[in-house]
Amino acid sequence: MTRLYYTLILFFLVFTFAAFDNQSPTPVMIHVALNGDDQNDGSESSPLKSLEAAQKLARLHSKLRPVEVVLADGIYYLPETFILRPEDSGTVEAPVVYRAENEGSAVISGGSLLDLNWELAPEVGVGVYKATTPPGLQMDQLFINGQRQHMARYPNYNPDIPTAPYQGFSANAFTKERAGRWADPEGGYIHAMHVAHWGGYHYRITGKDKDGEVTYVGGWQNNRQMGMHDNIRMVENIFEELDAPNEWFHNQTTNTLYYMPEAGTDLSDAMIEVVRLRHLVELQGTEEEPVKFITLEGFTFRHTSRTFMDTKEPLLRSDWTVYRGGAVLLTGTEHILLLNSTFDQPGGNAVFVNQFNRRVTIRGCHIHDAGASGVLFVGDSGAVRNPLFEYGETSDLTQIDRTPGPKTNNYPADCIVEDCLIHGIGRVERQPAGVQVSMSRRITIRDVSIYDCARAGINISEGTWGGHLIERVDVFETVLETGDHGSFNSWGRDRFWVADHRNVTQPEVKKDPSLPFLDAMETTVIRDSRWRCDHGWDIDLDDGSSNYIIYNNLMLAGGLKLREGYGRKAFNNIHINNGLHAHVWFENSGDDFTRNIVMAPHAPVRQPEGWGAASDRNFFVFENDLIRSQEYAADPNSIHGDPKFADPLLGDFSVKENSPAFKIGFVNFPMDQFGVKKPSLRAIARTPEIPVLLQASFEQIRREADRLPTWLGMSLRDLKGEEFSAFGVSQEQGGVHLIQLSHHSQAGTVGLQRDDLIQQINGQTVRSAEELLAGVRKAGSGPIRVTFVRNQRVLEVVIPANY
């Protein structure tokens with residue numbers, strides 16, 4: 001009896017401990033509230049007041065038990081950036097969570113709330129008010145009732161022209177005549193587009209010289225250093241330009257804020273906030289000692305400074321420079337979750353995943369009206385073999401390191417952005433992206449809606465190191481203020497790439513076919529997504545982009561551009577009112593374009609002989625487009641006809657059961673899975689405008705070579721559509737394309753070559769063959785100076801008099 005009794009007791013204890021061991025330990029709950037006190041114990045009834053106090057208390061329990069720091073509703077104005085370090089880490093069994101009690105209602109702010117006494121300032125202008133500010137206050141941005149206002153600027157901001165750069169620009173923005181109105185412009189800013197519309201530049205005005213000309217510093221924000229545009233310019237933070245509603249100017253010397261409110265705004269009852277901090281939250285670790293297993297959930301992140309004057313670091317021969325910072329900055333982390341949070345009008349980047357990071361997940365977030373980019377993954381250039389930075393730099397391909405992959409682990413990898421809504425990107429800077437990837441590996445972008453972007457929705461800056469997955473995204477309204485780009489854009493100017501790619505890179509690749517894949521070592525996949533770009537291409541794989549698979553995509557406007565690269569497979573895509581744009585490919589590039597539905601003929605520019613073999617078994621809606629494409633020895637087994645789209649008016653471009661498109665192997669893919677899925681975000685997310693289908697051939701069959709004008713034995717062809725991109729020039733610069741040239745022609749003997757792009761005759765811009773010939777007639781028997789572009793370099797030859 002006694003032995004049985006003890007056996008039963010022992011069995012009960014073992015069972016009880018086993019059951020307890022299988023349960024997650026109860027988390028330690030730490031509460032924070034605006035009415036709390038940092039001397040409290042952090043309980044729900046006795047909350048702390050600050051994040052810093054909660055952090056100290058959390059450290060006592062982290063790694064032993066799960067910890068949840070819960071912030072009650074309210075605006076938490078941070079005195080300084082909140083920093084999480086390795087000692088704040090959790091574990092897989094005991095993670096650390098910082099969360100809002102109610103999603104979106106706990107606001108983490110890098111600003112300050114001002115209590116101001118306003119009075120009219122008729123000496124400045126009708127409707128202008130002024131108020132005295134605290135001594136020493138520095139203002140980067142002003143928020144009135146939660147909305148960012150505009151620094152006093154010229155030209156004024158016009159919300160009715162969203163696709164105009166800066167929503168207002170002028171060639172005389174800072175001319176001597178305009179600046180003559182300004183008493184002291186020091187501290188003002190110049191914003192100007194790149195001369196080729198490849199992003200923008202920013203400058204800080206330092207004053208005026210003795211002749212009254214504006215002086216300034218800056219212009220390092222674009223990696224293609226070609227100077228600012230002559231016409232697309234805007235200035236701000238100029239006192240004398242305060243003349244429109246929602247404009248403001250702060251005189252730091254006199255501690256006076258001037259503001260012109262909209263009609264009906266009651267300043268005595270308005271919430272007045274200014275911005276102080278660049279970063280709100282930083283996670284600071286290293287590869288050796290990372291910050292791990294921390295979650296940030298449910299917050300609204302608001303009020304971060306603009307950082308455009310510190311966007312200086314060049315990326316690898318792309319058009320980009322970056323500032324390594326954001327409202328949330330992660331460096332040296334593992335297993336971090338950023339969930340269900342809103343990034344409300346950050347002045348710069350929203351989220352920056354910097355250098356070594358592994359398994360960072362950004363899910364369920366709403367990022368809107370960012371001064372720069374939404375989410376960036378950017379590694380360390382020190383991890384790259386043979387890194388080059390400015391576009392014109394080049395390596396001796398016979399001497400480069402041929403070891404595949406990175407040198408170190410100092411880059412983001414295995415990270416995810418999913419189920420997010422990202423829009424209003426590039427409100428200040430003009431080289432942004434909804435999601436930017438550079439020197440990273442295996443980044444997944446899934447179930448994301450991205451729109452209203454000054455430049456690309458998703459940008460991959462180079463091939464290092466590939467393996468990315470982009471699926472079920474909805475990206476549209478992109479490249480709104482720039483040019484020569486796409487809703488998706490990539491470059492691949494990796495160590496194998498040289499601007500003179502056919503004469504330098506191509507021979508080396510023939511000797512070593514692995515060369516293009518030393519950096520783009522893993523395949524990047526783009527699938528099951530919807531794209532629309534009305535100012536470029538829907539998907540744009542630019543210089544050198546290699547090792548891509550692109551399938552099951554619905555492209556609504558701009559089609560697919562494949563510039564020179566290796567190993568691109570595009571199949572089972574639908575191109576509405578457009579098709580394939582093949583630009584300056586390598587020979588034997590390993591590209592394939594098959595089983596696609598297209599509504600335009602192929603649009604090749606400077607293609608090598610035999611390139612057409614890469615395209616076959618496609619379905620052309622119009623017979624003429626198929627016939628035209630077959631002129632390039634392409635598509636011998638392609639067919640044409642009515643694809644029988646299911647419901648094109650409602651955006652369902654799947655094909656019906658009796659569609660002839662099935663004959664070429666086309667397979668339907670879902671039309672209702674594009675973009676964000678989270679119900680609260682899907683309810684407010686926009687979707688792209690569905691285009692009206694063309695009812696006739698994109699262009700009629702024509703053989704233009706026989707009727708092209710000629711000069712000095714060469715045929716002259718005007719650029720059409722987006723062809724300017726193949727030459728690396730802007731659409732407005734344009735030029736005349738030499739498409740036929742005999743080696744024994746007069747043009748050949750003076751140094752011109754086939755595929756040169758003539759832009760000037762004796763200093764006069766020529767955008768058409770007609771203008772070129774007019775310039776020649778004007779020169780008469782005198783010498784002719786020809787300025788042209790070859791391999792994206794501007795060159796010049798002089799044709800002697802009487803030649």
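# A tour from pocket to strands

The lining of the second largest pocket divides by class into 10 nonpolar, 9 polar and 8 charged residues. In this count Ala, Val, Leu, Ile, Met, Phe, Trp, Tyr, Cys and Pro are nonpolar, Asp, Glu, Lys and Arg are charged, and the others, Gly among them, are polar. The model is predicted, and local features need pLDDT of at least 70, side-chain atom pairs count only at pLDDT 80 or more, while totals for chains, interfaces and linings use all residues. Residues are numbered from 1 along each chain as its sequence is written, and side-chain values use heavy atoms, with hydrogens and water left out.

**Stop 1: the pocket.** The volume of the second largest pocket is about 810 Å³. Select M139, G187, Y189, N237 and Q252, the closest to its centre of the 27 lining residues. A pocket here is an open set of points on a 1 Å grid over the protein atoms alone, where a 1.4 Å probe fits, with protein on both sides within 12 Å along at least five of seven lines; lining residues have an atom within 4 Å of a point. Grid points are joined across faces, edges and corners, and the volume is the space filled by probe spheres set on the points. Next select strand 18 (residues 247-251), which gives the largest share of the lining, 4 residues. Strands (E, at least two residues) and helices (H or I, at least four) are DSSP runs, numbered from the N terminus.

Stop 2: Two strands pair if DSSP finds at least two bridges between them.

Select strand 14 (residues 189-194) and strand 15 (residues 200-208), which are joined by 5 bridges. I190 stands opposite Y203, and M193 has G200 as its bridge partner. The hairpin of these strands has 5 residues between them, and H197 takes a positive phi near 65 degrees.

Move on to strand 16 (residues 214-218), joined to strand 15 by 5 bridges in the antiparallel sense. Here G207 is partnered by T215. The hairpin of strand 15 and strand 16 also has 5 residues between the strands, with G212 at a positive phi near 90 degrees.

**Stop 3: strand 5.** Select residues 96-100: 4 of the 5 residues of strand 5 are buried, so the strand is largely enclosed by the rest of the structure. Buried means under 20% relative accessible area, exposed over 50%, and partly exposed in between (1.4 Å probe, protein chains only). Strand 5 runs parallel to strand 2 (residues 67-71), with 5 bridges between them, and is parallel to strand 22 (residues 291-297) over 4 bridges.

**Stop 4: E334.** E334 lies in strand 26 (residues 328-339) and counts as buried at 17% relative accessibility. Beyond its neighbours within four places in sequence, E334 is in contact (heavy atoms within 4.5 Å) with P290, V291, K292, F293, F356, R358 and R359. Its C-alpha atom is 56 Å from that of S768, 434 residues away along the chain.

**Stop 5: S46.** Select the loop between strand 1 (28-32) and helix 2 (51-59), where S46 is found. Is S46 buried or exposed? S46 is buried, with a relative accessible area of 19%. Leaving aside neighbours within four places in sequence, S46 is in contact with N40 and D41. The side chains of S46 and N40 make a polar contact (3.4 Å), a pair of N or O atoms within 3.5 Å; within protein, one must be able to donate a hydrogen and the other to accept it, and residues adjacent in sequence count only if both atoms are side-chain atoms.
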